[in-house]
Number of protein chains: 2
Amino acid sequence: MKIDPSSSKDLSVQIAQAIRDAIISGSLRVDERLPSETELSEKFAVSRPTVREALKRLAAQSLIRTQRGASGGAFVNRLTYEGAYGQQITTSTLLLSMNAVSFETACEARYALERACAPIAAQRRKEEQLGKMREQIARQTAQALSDEEFCASDVAFHRALVDAACNPVLSYHLAGAVEAMQPLMNMITFTARSRIKIVALHHNIADALEAQDATMVDRDLQELHRYTVELAADIIAQKTRSSA
Amino acid sequence: MKIDPSSSKDLSVQIAQAIRDAIISGSLRVDERLPSETELSEKFAVSRPTVREALKRLAAQSLIRTQRGASGGAFVNRLTYEGAYGQQITTSTLLLSMNAVSFETACEARYALERACAPIAAQRRKEEQLGKMREQIARQTAQALSDEEFCASDVAFHRALVDAACNPVLSYHLAGAVEAMQPLMNMITFTARSRIKIVALHHNIADALEAQDATMVDRDLQELHRYTVELAADIIAQKTRSSA
DNA sequence: AGACTTTTAATTGTCTTACAATTGAAAACC
DNA sequence: GGTTTTCAATTGTAAGACAATTAAAAGTCT
């Protein structure tokens, strides 16, 4: 672990990089304790605030966690699926919100990926995910939900569908695609009629999944995709009209 | 912008969160300059090192960039696709390496997602991506590549395939799935015979894409998936034999 | 001896002050 | 007017101090 003080890069960046490399290469294992901040500052020949800035960088990526007190210190984090989901979702959401991605583009990506999960999900679906899906359908049907709540329930339904594939890596990749759409979906106002149609499709999907009919699931997802884009197009048309 | 000093959370975490929220909500716009560290420390009533730790957290997520000198400071970053790709890939790679994901699981996710791009790619493929694919095929055929180089070229080929769908959101999501497999793929030794088979499939894929034959692309990707898993299974069997 | 309490030492979190390095802009000069 | 110099603002880094936290060690009582 050495750094180059003459490099153009900031010291805290170099130190963070050095520790990151040590973690990735495996020379620092999960749950292993890093040297104390004082020791690190001696090792790298920098001040403690500089070491701390480096550690905060790593903490922001949840590569390490810190604990106070005797026998405290910085520890290498296991990157859990839950943690990775979170990072994935915030990055995806930010990417979409900052780059003026069209609704069509984001929606196309989302449904393409979701349809990829469908055949696997149809094959492996368990009672647990089917239950979650039906639970969300019930929410969407019975209760008087706001548009935001309806949208959140929609996301929960689709996540259950993805999870039904029983492939955590797939769930991880899809998390970003599905959740990041939520801010865009929130712009849509779901009328009573459109809700009925969406819930009906959700019903079909859950039934088809239970019957392990991958073709049917795919068809309904396609229809849901088409209909969602149609709804969004209506909203945009309305806005254009009102501003004209 | 206020924070709660009595909260159980660290001040630098709270400050980072406050600024992050301001960015996400849009009250801080892209390329806008944040107040100087001194001003922030007065505003939040904390010391400058604490503010700095907060800023480093944000910089680690590339939400901001800093510049020294007069008229320097911290600026809100636009999260570019390139930047997001990078974060996506490192997170995905770390997730796979730290969680003992089986080759089959990761491979299934990757090919399922890639096959989702195929129909769109077949429809929209441009000369540019076809060229890149053929270029990588040529590399894989002609030159004497190490296993790592062959593998890297393979990744480049598949990224070109994904990019052919002309949907940057899709490319972003796939970047993690494809690139994160590389460390796992690097464990495979590609014999002359297996290379010939893989390159033949790449050829078929490129041809089918040019002919806009989505069905054929899908079939070849399935075969590539099957063959890759078979190769990996051989390696694992060899290792088990040699250790027994 | 065993359970409970107190002390202690290690470690991170934060503050203060200071100086170095960088850089754009204003001022001075030719 | 153009060039150079100076300056001031800002981030980067350093050093030292104290507060807060926490686990372990030491002490104490039953």
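This is a predicted model: local features need pLDDT of at least 70, side-chain atom pairs count only at pLDDT 80 or more; totals for chains, interfaces and linings use all residues.
Next, select helix H4 (residues 81-98) of chain A together with helix H8 (residues 168-179) of chain B, which pack at an angle of about 160° with their axes 12 Å apart. With angles over 145 degrees counted as roughly antiparallel, H4(A) and H8(B) are therefore roughly antiparallel to each other, and the crossing in which H4(A) passes H8(B) is right-handed. To see the contact itself, show the side chains of Gln88(A), Thr91(A), Ser92(A), Leu95(A) and Leu96(A) on H4(A), and those of Val169(B), Tyr172(B) and His173(B) on H8(B). Sorted by class, this contact of H4(A) with H8(B) holds four nonpolar and four polar residues, and no charged ones.

Now centre the view on Arg57(B), which is placed in helix H3 (residues 48-60) of chain B. Is Arg57(B) buried or exposed? Its relative accessible area is 12%, and Arg57(B) is therefore buried, the cut-off for that word being under 20%. Leaving aside residues up to four places away in sequence, Arg57(B) touches Lys56(A), Ala59(A) and Ala60(A) of chain A, as well as Ser12(B), Val13(B) and Ala16(B) of chain B.

**Inside chain A: H7(A) and H8(A)**

Return to chain A and select helix H7 (residues 147-163) and helix H8 (residues 168-179), whose axes come within 10 Å and cross at roughly 160°. H7(A) and H8(A) are therefore roughly antiparallel to each other, and their crossing is right-handed. On the H7(A) side the contact is made by Val155(A), His158(A), Arg159(A), Val162(A) and Asp163(A), while H8(A) contributes Leu170(A), Ser171(A), Leu174(A), Ala175(A), Val178(A) and Glu179(A). These residues of the contact of H7(A) with H8(A) divide into six nonpolar, two polar and three charged.

**Inside chain B: H5(B) and H7(B)**

Move to chain B and select helix H5 (residues 103-124) with helix H7 (residues 147-163), which pack at an angle of about 45° with their axes 9 Å apart. That makes H5(B) oblique to H7(B). In this packing, Arg110(B), Tyr111(B), Glu114(B), Cys117(B) and Ala121(B) of H5(B) meet Asp154(B), His158(B), Leu161(B) and Val162(B) of H7(B). The contact of H5(B) with H7(B) comprises five nonpolar residues, one polar residue and three charged residues.

**A buried cysteine: Cys107(A)**

Go back to chain A and pick Cys107(A), which lies in helix H5 (residues 103-124) of that chain and is buried, with a relative accessible area of 0%. Which residues does Cys107(A) touch, not counting residues up to four places away in sequence? They are Met181(A), His225(A), Thr228(A) and Val229(A). A distance drawn from Cys107(A) to Ala165(A), 58 residues apart in sequence, comes to 21 Å from C-alpha to C-alpha.

Select Asp31(A) in the loop between helix H1 (11-25) and helix H2 (37-44) of chain A, where its phi is positive, at about 70°, although it is not a glycine. Asp31(A) is partly exposed, with a relative accessible area of 46%. The place of Asp31(B) is in the loop between helix H1 (11-25) and helix H2 (37-44) of chain B; its phi is likewise positive and near 70°, and Asp31(B) is partly exposed, with a relative accessible area of 47%.

Finish at Ser7(A), in the segment before H1 of chain A, where Ser7(A) is partly exposed with a relative accessible area of 27%. From there, a line to Arg78(A), 71 residues apart from Ser7(A) in sequence, spans 31 Å between the C-alpha atoms.

Methods. Residues are numbered from 1 along each chain as its sequence is written. Chains are lettered from A and ligands numbered from 1 in the order in which they are written. Side-chain values use heavy atoms; hydrogens and water are left out. Axes are lines fitted to C-alpha atoms, for helices over the stretch in contact, and angles run from 0 to 180 degrees between N-to-C directions. Helices (H or I, at least four residues) and strands (E, at least two) are DSSP runs, numbered from the N terminus. Angles under 35 degrees count as roughly parallel, over 145 as roughly antiparallel, 65 to 115 as roughly perpendicular and the rest as oblique. A crossing is left-handed if the near helix is turned anticlockwise from the far one by less than a right angle, and right-handed if clockwise. Contact means heavy atoms within 4.5 Å. Ala, Val, Leu, Ile, Met, Phe, Trp, Tyr, Cys and Pro count as nonpolar, Asp, Glu, Lys and Arg as charged, and the others, Gly among them, as polar. Buried means under 20% relative accessible area, exposed over 50%, partly exposed in between (1.4 Å probe, protein chains only).
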